[in-house]
Amino acid sequence: MAVATATKPASGTDTKHNIDAIRQGFYDRIAKKDMAPLWKVMGSVVTKEPVTRCQPHVWHYDDVKSLVMESGGLITAEEAQRRVLVLENPALHGESKATNTLFAGIQMILPNEIAPAHRHVSSAIRFVLDGEGAYTAVEGEKSFMSPGDFVITANWAPHDHGNTSSKPMLWLDVLDFPQVNFFEASFAEQFGAATQSTSRADGDSLAFYGSGVLPDGTPARPNSSPVINYTYARTRPIIERMMKAGDIDKRHGARVNYANPATGGPVLPTMGAWLAMFPKGFKGEPYRATDGTIFVCVEGEGTTTVDGKVLNWAPNDVFVVPPWKRYQHNAPDGAVLFSISDRPAQKALGIWREEQ
Ligand SMILES: [Fe+2]
């Protein structure tokens with residue numbers, strides 16, 4: 001009788017080891033051809049919910065102001081082009097980002113200084129914190145700034161800053177260059193002259209476009225609002241009136257968004273901004289959305305709880321709420337908050353979501 005010879009069947013462990021080794025060999029071979037298996041990374045590239053590296057964080061103005069003032073002795077605005085201290089998200093050091101899509105910095109311009117004229121593809125906003133009487137010139141129009149003013153510089157608009165007052169002026173700069181750089185679409189240009197020639201009267205843009213009427217022939221430019229400076233003096237009374245009328249959202253307080261009067265849309269395609277007033281005793285309901293948001297306390301004080309972390313804020317403090325983190329505002333004595341996010345960009349791409 002013939003005896004059948006049989007190889008010993010592989011154990012389960014051996015089989016798995018062999019398969020793993022064969023697969024790894026395959027991955028190594030395809031890597032040499034600049035390819036990789038999607039199934040190894042699927043869970044981290046198509047996540048079930050938003051994943052952010054950005055952390056909730058607050059920059060207190062007491063710290064920020066003294067350090068920015070110190071920088072005034074180190075370098076001139078002209079030498080620096082822009083004397084700005086970057087507000088770096090603690091999780092994104094070295095990347096010049098407050099959130100993954102927004103840059104934030106505190107800029108200072110001292111009396112008689114000029115920050116020279118230039119332009120760039122990145123759009124910018126300024127929210128004025130301190131000082132009185134410095135100006136931003138945008139596309140041939142000078143706008144003198146006061147605390148709480150919201151000034152925009154759209155994509156490729158020539159701009160420069162000067163301070164003809166006797167006090168330093170500080171403002172929050174927010175730019176969309178992380179978005180522009182994500183697309184690798186950045187251009188910038190310096191001008192020969194430090195200042196641009198101003199051909200329009202100061203304040204024309206707000207006078208023409210900021211009163212519920214539009215001059216004949218106003219172009220509907222979706223990429224930028226024709227208003228350069230949305231002054232606090234005109235915006236604050238609106239939210240105050242909303243409060244009196246009881247138009248107070250349970251999460252966001254009495255809030256307006258800054259709009260392009262020619263389109264009704266956002267002031268810039270990449271960034272949207274809001275001003276909110278909270279009544280005394282305000283305990284906001286929790287909220288989250290996919291746009292990471294930079295807030296500035298304009299008046300009063302309070303706290304914002306983000307994913308269990310409590311951020312305390314007082315005037316001119318800047319804080320960040322990362323995307324999709326649930327947050328909730330408290331303002332025992334009432335407060336005013338400015339905020340800015342990439343919501344228009346997300347909406348244009350059809351990816352923005354919120355959860356009440
Ligand atoms: Fe600039």
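# Strands, a metal site and salt bridges

Reader: Where do I start with strand E17?

Author: With its neighbour E22 (residues 335-341): 7 bridges join E17 to E22, and the two run antiparallel. Keep in mind that this is a predicted model.

Reader: Which residue stands opposite Glu 299 in E22?

Author: Val 336 does.

Reader: How many bridges join E17 to E20?

Author: There are 4, and E17 and E20 also run antiparallel.

Reader: New topic. Which residues are the protein donors of the iron ion?

Author: Three histidines: His 118, His 120 and His 159, each through its NE2 atom. They lie 2.1 to 2.2 Å from the ion.

Reader: How are they spaced in sequence?

Author: The pattern is H-x1-H-x38-H. His 118 is in strand E4 and His 159 is in strand E9 (residues 159-163), so this pair ties together parts that are 41 residues apart in sequence.

Reader: Are His 118 and His 159 buried or exposed?

Author: Both His 118 and His 159 are buried.

Reader: What about helix H3, which residues are buried there?

Author: H3 runs over residues 61-71, and its buried residues include Tyr 61, Val 64, Val 68 and Ser 71. They cover an arc of only 90° around the axis, which puts them on the same side of H3.

Reader: And which residues are exposed on the other side of H3?

Author: Asp 62 and Glu 70 are exposed there.

Reader: What covers the buried residues of H3?

Author: Several strands take part, including E1 (57-59), E2, E3, E5 (124-130) and E10 (169-175).

Reader: Okay, salt bridges. How many are there?

Author: The count comes to 15 salt bridges. In general, side chains of opposite charge can pair when their charged atoms come close.

Reader: Which residue does Arg 83 form a salt bridge with?

Author: Glu 113, with the closest N and O atoms 2.6 Å apart. This pair links distant parts of the chain, 30 residues apart. Arg 83 is in the loop between helix H4 (77-80) and strand E2 (84-86), while Glu 113 is in the loop between strand E3 (103-109) and strand E4 (114-120). Both Arg 83 and Glu 113 are buried.

Reader: What about Arg 326 and Glu 355, how far apart are N and O there?

Author: The distance is 2.5 Å, N to O, in a salt bridge between the two side chains. Arg 326 lies in the loop between strand E20 (318-321) and strand E21 (327-331), and Glu 355 lies in strand E23 (residues 354-355), so the pair ties together parts that are 29 residues apart in sequence. Arg 326 counts as partly exposed at 39% relative accessibility, and Glu 355 counts as partly exposed at 30%.

Reader: Which residue does Asp 249 form a salt bridge with?

Author: Arg 251, and the closest N and O atoms are 2.8 Å apart.

Reader: Why does Arg 251 count as buried?

Author: Because its relative accessibility is 14%, and buried means under 20%. Asp 249, at 26%, counts as partly exposed.

Reader: Last one. Which residues are linked in a network of salt bridges?

Author: Arg 53, Glu 95 and Lys 97 are linked that way.

Key:
Residues numbered from 1 in each chain as written. Predicted model: local features only at pLDDT ≥ 70, side-chain atom pairs only at ≥ 80, totals over all residues. Heavy atoms only, no water. Salt bridge = Lys/Arg side-chain N within 4 Å of Asp/Glu carboxyl O. Buried < 20%, exposed > 50% of the residue type's maximum accessible area, 1.4 Å probe, protein only. Donors = N, O, S within 2.8 Å, 3.2 Å for Na, K, Ca; no water. Arc of directions from axis to C-beta. Contact = heavy atoms within 4.5 Å. Pairing = 2+ DSSP bridges.
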